[in-house]
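Subject: Structure handover, with notes on charges and a surface patch

Hi,

Here is the structure I promised to pass on. Have a look at it first, and then read my notes below.

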Amino acid sequence: MSREPLRYDRMVENALRGVVREALTEVQEDGLPGEHHFYVTFRTDGAGVKIPDYLREQYPGDMTIVLQYQFYGLEVTAQGFCVTLSFGGVHERLVIPFAAITGFADPSVNFGLKFQGTEDGAAGEDETTEEEMAADDDTPAEESRTGTVVALDAFRKK
């Protein structure tokens, strides 16, 4: 019987996604310290991503959110995170599996990660609902912050 070779690339990506999970968990519990803020880029068409249709239409591939001054109800689980952000004054709940994340940065300390994942942004994980994510963690949500969406298209190399 022939076995597939060990996929160290996937193992490394999963470990680095753990860094994102841990950073968001610390923020969920204690808030953002000092000047820290996060840019999180994710595949809007990734398995398990839940965002309003108008945002998916506006950002058909990737979307970057900024968690800095205003975000609400950050909930982190083993599979991903949920957060409420304000878009044009309207609060919207986003559900983002870690497997859909393609980039994570904290510019305040010059830290960043890029992820390859799979073509659908799922990195082989099953779709997860917000309820399943919330059921994974009994930590109460912090209700004190919102975020900003930043389009990075102008900065992409052509």
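A quick word on exposure before the residues: buried means under 20% relative accessible area, exposed means over 50%, and partly exposed is in between (1.4 Å probe, protein chains only). Keep in mind that this is a predicted model, so local features need pLDDT of at least 70 and side-chain atom pairs count only at pLDDT 80 or more, while totals for chains, interfaces and linings use all residues. Residues are numbered from 1 along each chain as its sequence is written, and side-chain values use heavy atoms, with hydrogens and water left out.

Salt bridges next. I counted a side-chain nitrogen of Lys or Arg within 4 Å of a carboxyl oxygen of Asp or Glu, and that rule gives 5 salt bridges.

Helices (H or I, at least four residues) and strands (E, at least two) are DSSP runs, numbered from the N terminus. Both partners are partly exposed too, aspartate 45 at 40% relative accessibility and aspartate 62 at 25%. Taken together, Arg43, Asp45 and Asp62 form a network of salt bridges.

Another one sits in helix α1 (residues 8–30): arginine 17 and glutamate 13 are 4 residues apart there, so about one helical turn separates them. Their side chains meet at 3.2 Å, N to O, and both residues are buried.

Finally, the surface. Val12, Leu16, Val19, Val109 and Phe111 make a nonpolar patch of about 370 Å². Patch residues have over 30% relative accessible area and no salt bridge; like charges are joined within 9 Å, nonpolar side chains (Val, Leu, Ile, Met, Phe, Trp, Tyr) within 5 Å. The areas come from the Shrake-Rupley method with a 1.4 Å probe, and for residues only the protein chains shown count as cover. Helix α1 gives the most to this patch, with 3 residues.

Cheers
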